[in-house]
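Please look over the sequence and the structure below. The paragraphs after them lead through some of the features that can be found there.

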Amino acid sequence: FFPLQSQLSQALNGLSDRAKEAKEFLVQLRNMVQQIQENSVEFEACLVAQCDALIDALNRRKAQLLSRVNKEHEHKLKVVRDQISHCTVKLRQTTGLMEYCLEVIKENDPSGFLQISDALIRRVHLTEDQWGKGTLTPRMTTDFDLNLDNAPLLQSIHQLDFVQMKVSSPVPAPPILQLEECCTHNNSATLSWKQPPLSTVQVEGYILELDDGNGGQFREVYVGKETMCTVDGLHFNSTYSARVKAFNKTGVSPYSKTLVLQTSEDTQSEEQTLPFPVPLERSQLRRMSPFSSTLNLQPSFPGRSYFELRSSAHQLSLHSSLQSLNSAGELIAWFSFDPASAHADIIFSNDNLTVTCNSYDDRVVLGKTGFSKGLHYWELSIDRYDNHPDPAFGVARIDVLKDAMLGKDDKAWAMYVDNNRSWFMHNNSHTNRTEGGITKGATVGVLLDLTRRTLTFSINEDQQGPVAFENLEGLFFPAVSLNRNVQVRALTMLP
């Protein structure tokens, strides 16, 4: 009895294992049903897109062929109309000659007739010869000598079919964001990632995505093979989410965990260094101002940036700070001049805070930090001023002209000033001439108030003229234009 019980128990254990495997297999099959449905929708969408592309190509070709038919149509009409015009003139001349000859024949004066008869006979023969062979033959046929050869295309359409392909490799695994190499600095964020250590799947590139800083939809900011990217032009005092995925010929991986970047004003310290510095040899890859033209996201003043630790398993965090405040708690702008976006003739010194130029022509240089909100004030000290040039000071878009005086195009708002007077200039329009100029040692102040959307200038701390510009909106970079007779030094972090 007991041996039979033991034998049955062992058999039941084996059967239980099979039943467990069957349950797991059913779960796998149900997941396959879901995956098949999702893949079917995706494949149908791809097929429709491919067929629509073929239809679009055919419509474009149809338009090109119709254009050729229209040209042939216009050419034929022109030739026929020209022949109609020419024949009408000749017929009118011939009819007039015939009527004149008939009148001459009716003349009863023989002597008068004899005087002109020879000339008239010659003229009649000449006119008749002009109606010679071919004159009354159409120069153009009414048929269109065009024959569309559509047989190869119809054959290709009938042969259009699926090509069965075996997938050569799986899609990559989701990348891993490396917190120790992620950091923020001024109005930029640097993100770094890698593939999982045990992953052997080939990766052809990565796609980095950020949201709009307001909980909105994700947008691509970088696509390429690198594993580190610096994104400039972000809002400060905003919260961003970042994620990355890998791709190869087979497809695209799932997203990495989401990194939450939040910028804040509540720091009580002066400018601080980052706890997670980026290695210099890996900090060259940049994507400049990714949202400034598409999502209208603009950076503000340097702010304290930190990544909070969230409870979700899909979000990562790190912490750093970057902002300085004055005693009243107001935000203080800081920037240096930017060699990357400046004209090649600009010369930099003093840690990029001092600029001059090796050309007699006006050249433009921008500050590194862009502003889109808040109140900002900085000064430019005139360290050299020879032969009374007229440098210009103000703000500009990133794509301002670099080889002309600031304010010559619609991308800059500026005050240009010599040793006696100043003018405001935008889009090459000069306004508000004001007495009072600059000399060596003078300071030009720029007050950008993006709350009131105004720009005001001062010389030696006295306001120069009225409010220079109003209704300013968007992303603005500090800007200067100068030549070799001027050297200026930026004074920032001013209240």
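**A walk through the model**

Cysteine 87 is partly exposed, because its relative accessible area is 27% and the label covers what falls between buried (under 20% relative accessible area) and exposed (over 50%), with a 1.4 Å probe and protein chains only. The model is predicted: local features need pLDDT of at least 70, side-chain atom pairs count only at pLDDT 80 or more, and totals for chains, interfaces and linings use all residues. Residues are numbered from 1 along each chain as its sequence is written, and side-chain values use heavy atoms, with hydrogens and water left out.

Another cysteine, cysteine 46, counts as partly exposed because its relative accessibility is 39%. A disulfide is a covalent bond between the sulfur atoms of two cysteines. Here the term is applied to a pair of cysteine sulfur atoms within 2.5 Å. How many disulfides does a search of the whole structure find? The search finds zero. For cysteine 46, the nearest cysteine sulfur belongs to cysteine 51 and is 9.5 Å away, and cysteine 46 is in no disulfide.

The next topic is the strands. Strands of a sheet pair through backbone hydrogen bonds, either parallel or antiparallel. Strands (E, at least two residues) and helices (H or I, at least four) are DSSP runs, numbered from the N terminus, and two strands pair if DSSP finds at least two bridges between them. An open sheet is formed by seven strands, in the order β12-β13-β24-β15-β20-β21-β22, with antiparallel pairing. Its edge strands, each pairing on one side only, are β12 (346-349) and β22.

Phenylalanine 348 stands opposite valine 355 in β13. The hairpin of β12 and β13 has four residues between the strands, and in this hairpin asparagine 350 takes a positive phi near 55 degrees.

Valine 365 belongs to strand β14 (residues 363-366). Is valine 365 buried or exposed? Valine 365 counts as buried because its relative accessible area is 0%. Leaving out residues up to four places away in sequence, valine 365 touches (heavy atoms within 4.5 Å) several residues, including Phe337, Ile346, Phe348, Val355 and Val480. From valine 365 to leucine 406 the C-alpha to C-alpha distance is 9.4 Å, while the two are 41 residues apart in sequence.

Aromatic rings come next. Rings of Phe, Tyr and Trp (its six-membered ring) pair if their centres lie within 6.5 Å; planes under 30 degrees apart count as stacked, over 60 as edge-to-face and the rest as tilted. The structure has eight aromatic pairs. One of them is the edge-to-face pair of tryptophan 413 and phenylalanine 476, with 5.4 Å centre to centre and 80 degrees between the planes. This pair links distant parts of the chain, 63 residues apart: tryptophan 413 is in strand β17 (residues 412-417), and phenylalanine 476 is in the loop between β22 (462-463) and β23 (477-482). Both tryptophan 413 and phenylalanine 476 are buried. Elsewhere, ring pairs link Phe335, Phe337, Phe371 and Trp378 into a cluster.

Rings also meet charges. A charge sits over a ring if NZ of Lys or CZ of Arg is within 6 Å of the ring centre and within 35 degrees of the ring normal. Lysine 76 lies over the face of phenylalanine 144, 5.7 Å from the ring centre. The charged end of arginine 243 sits over the ring of phenylalanine 218, at 3.8 Å from its centre.

A salt bridge is a side-chain nitrogen of Lys or Arg within 4 Å of a carboxyl oxygen of Asp or Glu, and the whole structure holds 14 of them. Lysine 106 and glutamate 103 form one at 4.0 Å, N to O, and both are exposed. Aspartate 418 and arginine 421 form another at 3.9 Å, N to O; aspartate 418 is buried, with a relative accessible area of 13%. Arginine 453 and glutamate 473 meet at 3.7 Å, N to O. Their pair links distant parts of the chain, 20 residues apart: arginine 453 is in the loop between β20 (443-449) and β21, and glutamate 473 is in the loop between β22 and β23. Arginine 453 is partly exposed, at 32% relative accessible area, whereas glutamate 473 is exposed, at 57%. Finally, salt bridges that share partners join Glu209, Arg243 and Lys245 into one network.
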